[in-house]
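Hello,

I am passing on the structure we spoke about. Please open it alongside this message, and my notes on what was found follow below.

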Amino acid sequence: MKSITYFAPLGLAMVALCTVGSCNKAIHQVTSNVAPLNPSNEDLNAGTWKLVLLSRPDSFLVSAPAATNSSPYIADLNEIKGLQKSLSPDDQQKISYWAAGNVLRWNEIMRDLVAKYNLPPYQNAEGTYPIPSSANPFAYPNFPFSNPPYAARAYAYVSTAQYDALVACWHYKQLYNRPAPYKVDSTINALMTKTPLPSYPSEAAVLAGVTAEMMKALFPDEIANIQQKAEEAELAAIESGSAARSDINAGEALGRQVADLFIARAKTDNASAAVGNPTIWSNLATQTQAAGQTAWISLETPLRPPMLPLFGKVKPFLFDSATVASLRPGPPPSTSSAEMNQQIQMDYDQIKSPSREQMRIVQLWADGVGTFTPPGHWNYIAALDFISQNYSEVRWARNLALLNMAEMDAGIVCWNTKYYYFNPRPSQIDPAIKTLTGVPNFPSYISGHATFSGAASTILGHFIPTNASKYEAMAEQASQSRFISGIHTQTDCTAGMQVGQNVGNYAVQRAVSDGAE
Amino acid sequence: MNYSRLRVNYCACLFGFALMTLTKVEAQTDNDAIMMNKYQWCSGITYMHEQWNNYWEGTYKRTNGNIGTLTTQSFMPMSNYGITDNLNIMAGLPYVSTHASAGTLHEMKGFQDVSIFLKWRPVSFNFGSGKLSLFAIGGFSTPTTNYEPDYLPLSIGLGTTNLIGRGMANYKRGIFFARASATYVWRSNVKIDEVSYYTTELYNTNEVQMPNLFQFNGSLGVYTKYFIGEAMFDNMTTLGGFDIRKNDMPFPSNRMNSNSLSVHAKYTLPFFTHISLVAGGDHILSGRNVGQSTGFNAGAFYAFYIKKNPKTSSLLNNQ
């Protein structure tokens, strides 16, 4: 068989390719092997930092812990010793997962939830759309539809609640100053980083309690999964020798109480009315037409009602509702003006033959359906950079709270502007404009991506000044990606960026005066 | 074993079957039983046109008013060469364009994946009153441009580098033939432009794990000196992957399955056997996470000997 001499090299080549190219398809995620959190400063005074909603760090009482020589505490220590004797590889994997930082891990879980629920409802047979209902979250369309405004608000509530809860936690840690189990009993191994931080109440449990309660309110279908994560985080803290059962119980109770306060705010922040109703939807169009402007219409088939038209009336965190109107920019060029024609022509010229690099930029920042949204993307960017900053858990929470308050408030001002002007998308004005990503189902002016990115880059640049120009460049690229993709005019992007930076500066003002800098 | 050395050789030009998923174009000359004789070279181009209005979101069949009709067209230059009478090498590179009739999404176009196949016929013997041939086929394909795989359904391809292994048997008796093949496709992971993506959970990486594919097909046809016609059933199964969620966008690592029927015809000009013409049609009967495409293809090929073959100078079908 002479042919074998020809065929054998092919076989060898395939084997070689498979070896070189690695047939092993395991993928590496950016934070799968993060080193244990090892803060350069435990921020022991964080109990004095400025709170978001709590009036005082001791608004919720945490009673004094049992002494370290008391029998209940000795029982706690024995529990840890028992657990440490038989840690499975799975237990150890969970310990090292949570050791990277509980705020980091909960932020990742939050991004997962947002991406999972970021799906627009499928139409009814008669061409209308069902609306997700928090009163009936398990029925299709499952509640919530975590679109960008919903997501921005959800990230903000989780982060601010975590921050207030940890400030209270740090207050009690310093007040009671109970050492970690591995310090009390040298036969207990420290499987996470050893720190000077007192362990009562446990910060892992405070975070588990507050986050689980917030997430359950925001993503009610996920109660079982969230509860399981909370239990894992707490068990990892105990197994690692960082916290005793009594540290955990006190922490979780504190966290849950703080969450209740934030949930009460969320129920009355006007978000539940943000969907509007058919009358409101049609009034938006008639008011815009009465002002001599072309009104926005949905570019979807069947026509979908505009996304959260009253989100601009949600109560912000960084300023009052009156300030929202003052942050709203002036009008876009009139839809019948030569200037608007020119803007639309720019979109058309751009979209005719986009380069691969432009497509890459569009995809990188698209953050559309089924993703963690633009605020989630900025959480992703922040989290990766925070890892190398060696923040304490409370500083992680504080910085993400400031970032996410800025994102939510940017979303509020942006949505307020979008529905104030009800400005059409470029493809509505000129259907020849084809887009490199889906056209979002809400008015054009101002760009949400630009606003979110301007706000995020401003506050992140304040946290890590050496990265400020990097964040600014990223924000500029995110903003321009919306023009490049044909879904926004240049005016939408530049105005959005400015508004975002203005909102971001409110977060900076809070940051310089909250006692943490 | 009785290796048959056919004295009557036929121009064994490309006789393709276009497998269409949402985006994937795979024109397979490697999936027939026709062989080039030693030193025989055949080159040509095939045009393929595929359209769908319906697609399966998981197992749910639907239309999408924001896509309308999705059309994929491709031009595929191909070449096939006889290293020996029983070992052929073939290559192709399609230029693909996509277009949605509704909605705003921008069309895509560009060169897709180059493929190279070695087709080996180690065994061919008389069996009953017919002839049975067995084939082993190995292939490699990889993108030639860095097109965006995560822009489905308008992406021009999925971006994987593939290693393809196929076993095939062909039985010919009189003017009739029957053929069956089974194929395993190892697919590389792909990198997308996003920093994270959601499948059944969130992945914080731009690398997407791509499941492998299994494919089998069977066909029946007639085979004469100048004409070949056949009908083929094809099943493609993705060995893993996930379903498109309700009203979500498709994703490269979806579980894309399909059952399809196709017909193919090839005619060699009797008065000028250098040239042969091919045409075909295909339709997806059922599927999962793919468009229900219906398509046709047509092509023309030119065959000749680059060096004298001592046994034959025929350009007619050799099966």
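A helix axis here is a line fitted to C-alpha atoms over the stretch in contact, and angles run from 0 to 180 degrees between N-to-C directions. Please keep in mind that this is a predicted model.

Helix pairs

Start with helix H18 (residues 468-484) and helix H19 (residues 490-512), both of chain A. Their axes come within 8 Å and cross at roughly 155 degrees. Angles over 145 degrees count as roughly antiparallel, and that makes H18(A) roughly antiparallel to H19(A). The crossing of these two helices is right-handed. On the H18(A) side, the contact is made by A:Ala475, A:Glu476, A:Ser479, A:Gln480, A:Arg482 and A:Phe483, and on the H19(A) side by A:Gln490, A:Cys493 and A:Met497. By class, the residues of this contact are four nonpolar, three polar and two charged.

A second pair to look at is H4(A) and H8(A). How far apart are their axes, and at what angle do the helices pack? The axes are 12 Å apart and the angle is about 170 degrees. H4(A) and H8(A) are therefore roughly antiparallel to each other, and H4(A) passes H8(A) in a right-handed crossing. H4(A) brings A:Asn102, A:Trp106, A:Ile109, A:Leu113 and A:Lys116 to the contact, while H8(A) brings A:Asn225, A:Ile226, A:Lys229, A:Ala230 and A:Ala233. Six of the contact residues are nonpolar, two are polar and two are charged.

The second largest pocket

This pocket holds about 760 Å³ of space. It has 25 lining residues, and those closest to its centre are A:Tyr97, A:Ile109, A:Asp112, A:Lys229 and B:Glu201. Two or more lining residues come from each of helix H3 (89-99), helix H4 (102-117) and helix H8 (223-239) of chain A, and from strand S16 (202-203) of chain B. H4(A) gives the most, with six residues. The lining is made up of seven nonpolar, nine polar and nine charged residues.

The largest cavity

There are 10 cavities of 30 Å³ or more in the structure. The largest has a volume of about 380 Å³. Of its 26 lining residues, A:Met192, A:Thr193, A:Thr195, A:Glu203 and A:Ser242 lie nearest the centre. H3, helix H5 (148-176), helix H7 (203-218) and H8 of chain A each supply at least two residues of the lining. The largest share, three residues, comes from H8(A). The lining of this cavity has 15 nonpolar, seven polar and four charged residues.

Regards

How values were computed
Residues are numbered from 1 along each chain as its sequence is written. Chains are lettered from A and ligands numbered from 1 in the order in which they are written. This is a predicted model: local features need pLDDT of at least 70, side-chain atom pairs count only at pLDDT 80 or more; totals for chains, interfaces and linings use all residues. Side-chain values use heavy atoms; hydrogens and water are left out. On a 1 Å grid over the protein atoms alone, a cavity is a set of points where a 1.4 Å probe fits but cannot get out, and a pocket is an open set with protein on both sides within 12 Å along at least five of seven lines; lining residues have an atom within 4 Å of a point. Grid points are joined across faces, edges and corners, and a volume is the space filled by probe spheres set on the points. Helices (H or I, at least four residues) and strands (E, at least two) are DSSP runs, numbered from the N terminus. Ala, Val, Leu, Ile, Met, Phe, Trp, Tyr, Cys and Pro count as nonpolar, Asp, Glu, Lys and Arg as charged, and the others, Gly among them, as polar. Angles under 35 degrees count as roughly parallel, over 145 as roughly antiparallel, 65 to 115 as roughly perpendicular and the rest as oblique. A crossing is left-handed if the near helix is turned anticlockwise from the far one by less than a right angle, and right-handed if clockwise. Contact means heavy atoms within 4.5 Å.
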